[in-house]
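Here are my notes for a colleague who is opening this entry without having seen it before. They are set out as numbered points, to be read beside the sequence and the coordinates.

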Amino acid sequence: MKVICNGEEQEVRAECTVSELIVSLGLKPETVVVECDAVILKPDEYSTRQLHEGSRLELIRFVGGG
Amino acid sequence: MSEATYEREDIEAVLAARHTDAVQDRLKKGVVGVLGLGGLGSAVATALARIGVGKLLLADYDIVELSNLHRQHYFLDQVGLLKTEALKQNISRINPFICVVTIEKCLTEAMIPHYFRNVNVLVECFDRPEMKAMVLRAALTSLPGVSYVGASGVAGYGENNLIKTKKIGDRAYLVGDGESAIGPGLGLMAPRVGIAAHHQANQVVRLLLGIE
């Protein structure tokens with residue numbers, strides 16, 4: 001199925017979770033802020049929240065250093 | 001060393017003469033929270049203090065170490081002090097009339113709204129990416145009306161102009177190149193961290209002045 005991630009269409013498997021998607025992008029879930037269908041998710045929801053056809057995600061990724 | 005003492009009016013007069021009364025009035029009323037007082041946070045807080053932002057909430061639980069002095073605004077004789085206390089001292093030497101509140105806690109997502117609900121702008125200057133993500137999440141979910149300026153991707157000595165300030169939401173801005181993480185062979189260096197810190201500080205000024 002297709003989801004929209006940061007404005008771009010992305011093909012994911014049916015029932016793909018948010019954390020699967022994050023990991024598939026090479027990112028660490030705890031370093032990413034996720035807005036899924038206009039709701040900011042808590043990190044403990046990432047592994048249970050399933051995407052559906054047309055889900056809209058905004059991922060904001062952080063790298064270390066300050 | 002000069003023995004002269006200066007009154008609040010002396011300092012406010014020179015700031016207003018340079019910045020105009022209207023701008024200075026807004027800056028003086030500004031309340032800004034700085035989370036993390038390393039290379040980014042110590043530079044952000046110093047810049048905001050120099051221009052006369054009225055109140056700064058400075059949060060860090062760490063002490064100044066010798067290994068910090070290559071990029072952080074502290075001095076050799078401050079090694080071993082809490083960063084909050086050391087930075088408060090340094091700010092008081094620039095402008096003793098800035099109100100500085102220090103918070104020596106390892107902040108959690110739940111604590112952030114408690115400490116920072118009354119600031120105009122929250123400036124995220126932490127080192128660890130999971131802490132950075134936590135601050136943005138707290139700002140977006142629990143701090144309506146508070147602006148956010150974060151940073152990601154400031155390590156090394158990459159091109160100056162790859163450091164950008166990007167609007168990521170309503171009153172939310174993220175500074176950095178988005179990619180340069182601290183890691184083997186890529187350390188944090190005063191010049192590039194300073195570029196990012198001053199992007200953050202200037203974005204704070206713009207937000208305090210009501211420029212979106």
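1. I begin with a pair of packed helices in this predicted model. B:Gly39, B:Leu40, B:Ala43, B:Val44, B:Ala47 and B:Leu48 in H3(B) meet a set of residues in H7(B), namely B:Ala190, B:Val193, B:Gly194, B:Ala196, B:Ala197, B:His198, B:Gln200, B:Ala201 and B:Val204. Sorted by class, this contact of H3(B) with H7(B) has eleven nonpolar and four polar residues, and no charged ones.

2. The geometry of that pair can be stated as follows. Helix H3 of chain B covers residues 39-50 and helix H7 of chain B covers residues 190-208, and their axes come within 8 Å and cross at roughly 45°. That angle makes H3(B) oblique to H7(B), and the crossing of the two helices is right-handed.

3. Helix H3(B) has a further partner in helix H4 of chain B, residues 83-94, and here the axes come within 10 Å and cross at roughly 25°. H3(B) is therefore roughly parallel to H4(B), since angles under 35 degrees are counted in that way. The crossing of H3(B) and H4(B) is right-handed. On the side of H3(B) the contact is made by B:Ser42, B:Ala45, B:Thr46, B:Ala49 and B:Arg50, while H4(B) contributes B:Leu87, B:Asn90, B:Ile91 and B:Ile94. By class, these residues divide into five nonpolar, three polar and one charged.

4. Turning to the chain as a whole, chain B has seven helices and seven strands. Followed along the sequence, these elements of chain B give the pattern α-α-β-α-β-α-β-α-β-α-β-β-β-α.

5. On overall dimensions, the C-alpha trace of chain B spans about 50 × 40 × 35 Å along its principal axes. A compact globule with 212 residues would have a radius of gyration near 17 Å, and the 17 Å found for chain B agrees with this.

6. Lastly, a word on confidence. The average pLDDT of chain B is 97, and 99% of the residues score at least 70. Which element of chain B has the lowest mean pLDDT, and which the highest? Strand E6 of chain B, residues 164-169, has the lowest mean at 97, whereas strand E1 of chain B, residues 31-35, has the highest at 99. For the model, the scores are ipTM 0.95 and pTM 0.96.

Technical notes. Residues numbered from 1 in each chain as written. Chains lettered and ligands numbered in written order. Predicted model: local features only at pLDDT ≥ 70, side-chain atom pairs only at ≥ 80, totals over all residues. pLDDT = per-residue confidence, 0-100. Helix = DSSP H or I, 4+ residues; strand = E, 2+ residues; numbered from the N terminus. Axes fitted to C-alpha atoms, helices over the stretch in contact; angles between N-to-C directions. Parallel < 35°, antiparallel > 145°, perpendicular 65-115°, else oblique. Left-handed = near helix turned anticlockwise from the far one by under 90°. Contact = placed C-beta atoms within 7 Å. Nonpolar A, V, L, I, M, F, W, Y, C, P; charged D, E, K, R; others polar. Rg over C-alpha atoms; globule rule 2.2 N^0.38 Å.
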